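Colleague: Could you walk me through this protein and tell me what stands behind the words you use for it?
Modeller: Gladly, here it is.

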Amino acid sequence: MENELGFLSQMFDTLYLFPEELEEIEIPENELEDEKKEEKKTEKTSETPVIVPKKVIKKQLPTDYYGENKRNIVVFIEHSGIDIFRSKEFQLLLKILGALQLTLQEVAVINVLEQKDNLPKLIEKLSPKYYLYFINRNESPISGDEVPKYVPTEIDSLPAVAADSLSKLLLDVEKKRNLWMALKSLFDI
């Protein structure tokens, strides 16, 4: 019986014995004392709860637009990646804004792929004075009107410049040059 219990106790964490089985088992005194010490330790730890400081992780929720829109310039982009801030396309956008002596705080960058349904309300909220388009389509995401690219024009009744998507601009020096000429004309630089 003892060999059988020894084997079973190694196989299972908890071993339940019935009262009739307990009569046949002899437990040495030192093991009984060890069990009593263990019980006292668990009683002490259960009496005083341990307070573990929790690490606070601020998760950035999806936003309607990036930037603070201080100069009411709305920039439309198409970005399908996960981390927009670390992308080469977003870095290019920051360089373009820097060349115009603008910062992210002065514009509102709207990812058209994320805001398809919310776009009219968002535009009304932002009350833009200028539009910059960096999208693959040849029509405005707001009205669907035809958008001429790399030419300062009026789109959806506001001064605007449209260009190809930022991912296409990354690889094409000629398109960057055309964009710069159009932007200089739009902003009188």
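Modeller: Let me start with one term: contact means heavy atoms within 4.5 Å. And please keep in mind that this is a predicted model.

Colleague: Thanks! Which residues does Pro128 touch, then?
Modeller: Leaving out residues up to four places away in sequence, Pro128 touches Asn72, Val74, Ile123 and Leu158. Pro128 sits in the loop between α5 (119-126) and β3 (130-134).

Colleague: Why does Pro128 count as buried?
Modeller: Buried means under 20% relative accessible area. Pro128 has 13% relative accessibility, so Pro128 counts as buried. Across the protein, buried residues make up 33% of the 189 residues.

Colleague: Now the sheet. What is the order of its strands?
Modeller: The five strands form an open sheet with the order β2-β1-β3-β5-β4, and the pairing is mixed.

Colleague: What makes β2 and β4 edge strands?
Modeller: β2 (107-111) and β4 (153-155) each pair on one side only, and they are the edge strands.

Colleague: How do you know that β1 and β2 pair?
Modeller: Two strands pair if DSSP finds at least two bridges between them. Five bridges join β1 (residues 73-77) to β2, so the two strands pair, and they run parallel. Within this pair, Phe76 stands opposite Ile110 in β2.

Colleague: And which strands does helix α7 touch?
Modeller: Helix α7 (residues 173-186) packs on the sheet and touches β3 and β5 (158-163). The direction of α7 makes about 170 degrees with that of β5.

Terms used
Residues are numbered from 1 along each chain as its sequence is written. This is a predicted model: local features need pLDDT of at least 70, side-chain atom pairs count only at pLDDT 80 or more; totals for chains, interfaces and linings use all residues. Side-chain values use heavy atoms; hydrogens and water are left out. Buried means under 20% relative accessible area, exposed over 50%, partly exposed in between (1.4 Å probe, protein chains only). Helices (H or I, at least four residues) and strands (E, at least two) are DSSP runs, numbered from the N terminus. Axes are lines fitted to C-alpha atoms, for helices over the stretch in contact, and angles run from 0 to 180 degrees between N-to-C directions.
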